[in-house]
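Here are my notes from a pass through the model, as promised. Have the viewer open while you read.

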Amino acid sequence: MSELRKLLIIRGLPGSGKSTLAQLIAPTKSIWYEADQYFQKGWKGGPYVFDASKLKEAHDWCYGGIKQHMEDRRHELLIVSNTFTTTEEIDRYVKLAFHYGLDYDVIKVVGPHDSIHGVPEQTIEKMRDRWEDYPNEVTYETCGIHV
């Protein structure tokens, strides 16, 4: 059993490259969750079927998965990747990390990608309008890198 050491919180607007970055940095002994995975039918590679009425359920599923893996303490790194437009959304995970004695980092991803899930520009603008920077977050430019 390995020692769980860190929670990595990756945030950014749709199409910024959050998932791409998570895939690039996720080592073998890590777990990666994001709310979008809830809408992926089948496991990896199945069709993505978004249902806005289940968005809260998807975020609760994501949080519950991260929490369960913190309790299990079998992974060196846990990664959660979501839009996290407000500090309150991030604080939920930071409090969990403190509870389990974990270090954490917050990375804001900005990049020139198109949203692969077809998020309307109007929705992205609303997210941009409510965006709050998080103290000590690191900004990462994905520069169009694709996995």
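This is a predicted model: local features need pLDDT of at least 70, side-chain atom pairs count only at pLDDT 80 or more; totals for chains, interfaces and linings use all residues.

1. S1 and strand S4 (residues 103-110) are paired in the parallel sense, with 6 bridges between them.

2. How enclosed is S1 by the rest of the structure? Largely, because 5 of its 6 residues are buried.

3. On to the loop between strand S1 (6-11) and helix H1 (18-25), where you'll find Ser 16. With a relative accessible area of 5%, Ser 16 is buried. Its side chain has a polar atom 2.8 Å from the backbone oxygen of Leu 13. The backbone oxygen of Val 109 also turns up, at 3.4 Å from a polar atom of the Ser 16 side chain. Phe 84 has a phi near 45°, and Asn 136 has one of about 65°. Phe 84 sits in the loop between strand S3 (77-82) and helix H4 (87-99), while Asn 136 sits in the loop between helix H5 (121-130) and strand S5 (138-141). Is each of them buried or exposed? Phe 84 counts as buried, at 4% relative accessibility, whereas Asn 136 is exposed, with a relative accessible area of 76%. I'd look at both backbones in the viewer.

4. Gly 46 belongs to the loop between helix H2 (35-38) and helix H3 (55-72). At 18% relative accessibility it counts as buried, because the cut-off is under 20%. Setting aside neighbours within four places in sequence, Gly 46 is in contact with Gln 40 and Lys 41.

5. Now the aromatics. A pair of aromatic rings is described by the distance of the centres and the angle of the planes. Searching the whole structure gives 9 aromatic pairs. One of them is Tyr 33 with Trp 61, a tilted pair at 5.2 Å centre to centre and 55° between the planes. Tyr 33 lies in strand S2 (residues 30-33) and Trp 61 in helix H3, so the pair ties together parts that are 28 residues apart in sequence. Tyr 33 counts as buried at 15% relative accessibility, and Trp 61 as partly exposed at 32%.

6. What is the geometry of the Phe 98 and Tyr 104 pair? The ring centres are 5.8 Å apart and the planes are at 80°, so this pair is edge-to-face. Phe 98 counts as exposed, at 57% relative accessibility, and Tyr 104 as partly exposed, at 27%.

7. Back to Tyr 33 and Trp 61 for a moment: they belong to one aromatic cluster, together with Tyr 38, Phe 39, Tyr 48 and Phe 50. There is also a charge over a ring to look at, with Arg 92 lying over the face of Tyr 63 at 3.9 Å from the ring centre.

How values were computed
Residues are numbered from 1 along each chain as its sequence is written. Side-chain values use heavy atoms; hydrogens and water are left out. Helices (H or I, at least four residues) and strands (E, at least two) are DSSP runs, numbered from the N terminus. Buried means under 20% relative accessible area, exposed over 50%, partly exposed in between (1.4 Å probe, protein chains only). Contact means heavy atoms within 4.5 Å. A polar contact is a pair of N or O atoms within 3.5 Å; within protein, one must be able to donate a hydrogen and the other to accept it, and residues adjacent in sequence count only if both atoms are side-chain atoms. Two strands pair if DSSP finds at least two bridges between them. Rings of Phe, Tyr and Trp (its six-membered ring) pair if their centres lie within 6.5 Å; planes under 30 degrees apart count as stacked, over 60 as edge-to-face and the rest as tilted. A charge sits over a ring if NZ of Lys or CZ of Arg is within 6 Å of the ring centre and within 35 degrees of the ring normal.
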